[in-house]
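Subject: Structure handover

Hello,

Here is the structure for your files. My notes come after it.

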Amino acid sequence: GHIDLYILDIILGKVKRVIKGEREGKIESFHPLSTRACWHPYENIIALPVRRNARERIIIYDVNKGREIRNLEVSFDAIYSMSFSPDGESIVFSALKGTTKDIFILSLTTGKMLNLTNDPYEDDSPTFNSEGDCIFFASDRPSQDTVSYNSLNIFSYSLGTHNVIPVTTDGKNNYSPVVLPN
């Protein structure tokens, strides 16, 4: 079947199809079971990972205008969860390249991309803190209290110091951190 992207306005109770997936050669596939799109912090813009022309891409889509405004081809095997920075100028995401899933940050202003966790661990579900100077993510990397590579904990990555610090250490498969506004 085909997978489309819809938006539900919970206040008005209206549903709107935003993107037709897997038709007309525009988008070969969404990744609905392993990824999540993200909303721009102050505009009606979404970013989502897609596959087009056998390449992974990040699409920036203006919901009000009903059209793509950016189409960024990236050289990964798969792109997973993503999140806009609080100022809307960067996107942090997890991506698979080869056999490892790392956390990357992409500047939408300069187009520069940086691998933040270039290591053998499985890193996923990154999200910025409210200030935009720290990224929280899930990982199977060992912490002082856990050494199992099959359990996930939440870690923080400081953009200033580049330090990775465990936030949870119980190994209870903590996944998809959510940061609430201050």
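The notes below cover the cores, a surface patch, the cysteines and the salt bridges.

This is a predicted model, in which local features need pLDDT of at least 70 and side-chain atom pairs count only at pLDDT 80 or more, while totals for chains, interfaces and linings use all residues. Residues are numbered from 1 along each chain as its sequence is written, and side-chain values use heavy atoms, with hydrogens and water left out.

Cores. A nonpolar core here is a set of buried Ala, Val, Leu, Ile, Met, Phe, Trp, Tyr and Cys residues joined through side-chain atoms within 4.5 Å. Buried means under 20% relative accessible area, exposed over 50%, and partly exposed in between (1.4 Å probe, protein chains only). The largest nonpolar core has 17 residues, of which Ala47, Ile58, Ile60, Met82, Phe84, Ile91 and Phe93 touch the most other members. At least two residues of this core come from each of β4 (45-52), β5 (55-62), β7 (78-84), β8 (90-97) and β9 (100-107); strands are DSSP runs (E, at least two residues), numbered from the N terminus. Apart from this core lies another, of nine residues, including Ile105, Leu116, Phe128 and Phe137.

Surface. Tyr6, Leu8, Ile10, Ile11, Leu12 and Val15 make a nonpolar surface patch of about 740 Å² (Shrake-Rupley areas, 1.4 Å probe, only the protein chains shown counting as cover; patch residues have over 30% relative accessible area and no salt bridge, with nonpolar side chains of Val, Leu, Ile, Met, Phe, Trp and Tyr joined within 5 Å). Leu12 sits in the loop between β1 (5-9) and β2 (14-19) and is exposed because its relative accessibility is 57%.

Cysteines. There are zero disulfides (cysteine sulfur atoms within 2.5 Å). Cys38 is buried at 6% relative accessibility, and Cys134 is buried at 12%.

Salt bridges. The structure has six (a side-chain nitrogen of Lys or Arg within 4 Å of a carboxyl oxygen of Asp or Glu).

- Arg141 and Asp119: the closest N and O atoms are 2.6 Å apart. Arg141 lies in the loop between β12 and β13, and Asp119 in the loop between β10 (113-115) and β11, 22 residues apart. Both Arg141 and Asp119 are buried.
- Asp124 and Lys101: 3.2 Å, N to O. Asp124 is in strand β11 (residues 123-128) and Lys101 in strand β9, so the pair ties together parts 23 residues apart in sequence.
- Glu73 and Arg55: 3.2 Å, N to O. Shared partners join Arg55, Arg57 and Glu73 into one network of salt bridges.

Regards

Conventions: Helix = DSSP H or I, 4+ residues; strand = E, 2+ residues; numbered from the N terminus. Patch = residues over 30% accessible without salt bridge, like charges linked within 9 Å, V, L, I, M, F, W, Y side chains within 5 Å.
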